[in-house]
Amino acid sequence: MPKFLIQAAYTPEGAEGLLKEGASGRRAAVDRVVTGLGGSVEVMYFTFGEDDLVCVIDLPDPVSMAAVSLTVKASGALRTRATPLLTLDDIDEAARRQVTFRAPGA
């Protein structure tokens with residue numbers, strides 16, 4: 001199942017919601033979203049700095065990730081980035097594939 005790194009920053013409205021619900025309330029909400037699409041949350045941490053939280057989640061496919069991303073962003077409560085995570089085997093397979101490419105100016 002594909003893994004995704006989620007990095008998110010709360011908007012002021014989202015931070016107000018976090019203060020009301022607490023971290024465990026937000027974790028439960030994330031679990032419901034992800035499991036509702038057939039996935040799981042591997043880990044979720046709150047941070048400080050540019051991002052307010054990071055998660056590693058498993059979802060069945062990139063379309064499921066896109067659905068989550070669109071819904072969360074439409075709420076206006078968070079700004080998010082989703083990065084696909086590749087295994088060592090994925091990269092080994094990619095390195096074996098032949099790619100025809102010409103660098104600019106070459």
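Ala77 is partly exposed, with a relative accessible area of 23%. The model in which this value was computed is a predicted one. Ala77 sits in the loop that connects helix 2 with strand 4. Leaving out residues up to four places away in sequence, its contacts are Ala9, Tyr10, Thr11 and Gly14. Asp52 is 25 residues from Ala77 in sequence, and the two C-alpha atoms are 12 Å apart in space.

One of the contacts of Ala77 is Tyr10, and Tyr10 belongs to strand 1. Is Tyr10 buried or exposed? Its relative accessibility is 12%, so Tyr10 counts as buried, the limit being under 20%. Ala77, at 23%, is above that limit and therefore falls in the partly exposed class. Apart from residues up to four places away in sequence, Tyr10 touches Ala15, Leu18, Arg26, Phe46, Asp52, Leu53, Ala77, Leu78 and Arg79.

Strand 1 as a whole is mostly covered, with six of its eight residues buried. What does strand 1 pair with? It is joined to strand 3 by six bridges, and the two strands run antiparallel. On that side, Lys3 has Asp58 of strand 3 as its bridge partner. Eight bridges join strand 1 to strand 4, again in an antiparallel arrangement. There, Phe4 stands opposite Pro84 of strand 4.

These pairings belong to an open sheet of four strands, whose order is 2-3-1-4 and whose pairing is antiparallel. Strand 2, covering residues 40–46, and strand 4, covering 78–85, are at the edges, each pairing on one side only. From one strand to the next the twist averages 15°.

Strand 2 pairs with strand 3, which spans residues 53–58, through six bridges, and the two run antiparallel. Ser40 has Asp58 as its bridge partner in strand 3, and Val41 has Ile57.

Helix 1, residues 12–36, lies across strand 1 (3–10), strand 2 and strand 3, and runs at about 160° to strand 2. Helix 2, residues 62–75, packs on the sheet and touches strand 1, strand 3 and strand 4; its direction makes about 165° with that of strand 4.

The loop between strand 3 and helix 2 holds Asp61. Asp61 has a relative accessible area of 29%, so it is partly exposed. Neighbours within four places in sequence aside, Asp61 is in contact with Pro2 and Phe4. Met1 and Asp61 are 60 residues apart in sequence, while their C-alpha atoms are 7.2 Å apart in space.

The largest pocket contains about 500 Å³ of space. It is lined by 28 residues, and those closest to its centre are Arg26, Val30, Val68, Val72 and Leu78.

Which elements supply the lining of the largest pocket? Strand 1, helix 1, strand 3, helix 2 and strand 4 each supply at least two residues. Helix 1 gives the most, with nine residues. Sorted by class, the lining has 18 nonpolar, six polar and four charged residues.

Notes: Residues are numbered from 1 along each chain as its sequence is written. This is a predicted model: local features need pLDDT of at least 70, side-chain atom pairs count only at pLDDT 80 or more; totals for chains, interfaces and linings use all residues. Side-chain values use heavy atoms; hydrogens and water are left out. Two strands pair if DSSP finds at least two bridges between them. Axes are lines fitted to C-alpha atoms, for helices over the stretch in contact, and angles run from 0 to 180 degrees between N-to-C directions. Contact means heavy atoms within 4.5 Å. On a 1 Å grid over the protein atoms alone, a cavity is a set of points where a 1.4 Å probe fits but cannot get out, and a pocket is an open set with protein on both sides within 12 Å along at least five of seven lines; lining residues have an atom within 4 Å of a point. Grid points are joined across faces, edges and corners, and a volume is the space filled by probe spheres set on the points. Ala, Val, Leu, Ile, Met, Phe, Trp, Tyr, Cys and Pro count as nonpolar, Asp, Glu, Lys and Arg as charged, and the others, Gly among them, as polar. Buried means under 20% relative accessible area, exposed over 50%, partly exposed in between (1.4 Å probe, protein chains only).
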